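Hi everyone, thanks for coming. Let's look at this chain together and see how its parts pack.

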Amino acid sequence: MQRIFIVFVFVFLFVAGALAQSSNKLVAASAARGKTVYLQRCMVCHQADGGGVPKLNAPLDASTAVNGSDISKLIKYIVKGFADRVEIDGELYSNAMPAAADLTDQQIADVLTFIRSNWSNKAGPVTTLQVKQTRSKLK
């Protein structure tokens, strides 16, 4: 009986490790695709280091908004744009962010995964399902 339990635990740990490794590869691939989107569509305003431009374009690096749990708000900003003056982490930013509704759900998930895991950010990935669900509520 003890031998069966040990074998079960070993198999469970092996499968769990394989799934985690597979998941890490998927997140890394998403972030790599997201970097391409970022470089093409976001970098000009938010800068290569994610630091933004003081008083104009909000930083993405170390931002509580980026690292927070309200992913739907980030998706909304990308799909609908944002034109209001906003305070983020005690600083005011006033430059409008144009809508990027032409991006696919996958591209939005990828770019947010890149942003939320790059520079000093350590937030979790964004899925296409999260984007699709949020987008359906924005119409």
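The buried residues of helix 3 are covered by, among others, helix 2 (64-67), helix 4 and helix 5. Helices here are DSSP runs of H or I with at least four residues, strands are E runs of at least two, and both are numbered from the N terminus. Before I go on: this is a predicted model, where local features need pLDDT of at least 70 and side-chain atom pairs count only at pLDDT 80 or more, while totals for chains, interfaces and linings use all residues. Residues are numbered from 1 along each chain as its sequence is written, and side-chain values use heavy atoms, leaving out hydrogens and water.

So which residues of helix 3 are buried? In helix 3 (residues 71-80), they are Ile71, Leu74, Ile75, Ile78 and Val79. Buried means under 20% relative accessible area, with a 1.4 Å probe and protein chains only. Looking down the axis of helix 3, these buried residues fall within an arc of 130 degrees, so they line one face of the helix; the arc is taken from the directions from the helix axis to the C-beta atoms.

Now for the contact of helix 4 with helix 5. Asp105, Gln106, Ile108 and Ala109 of helix 4 meet Thr128, Val131, Lys132 and Arg135 of helix 5, where contact means heavy atoms within 4.5 Å.

Finally, the whole chain: it has 5 helices and 2 strands, running α-α-α-β-β-α-α from the N terminus. Of its 139 residues, 31% count as buried.

Terms used:
Buried means under 20% relative accessible area, exposed over 50%, partly exposed in between (1.4 Å probe, protein chains only).
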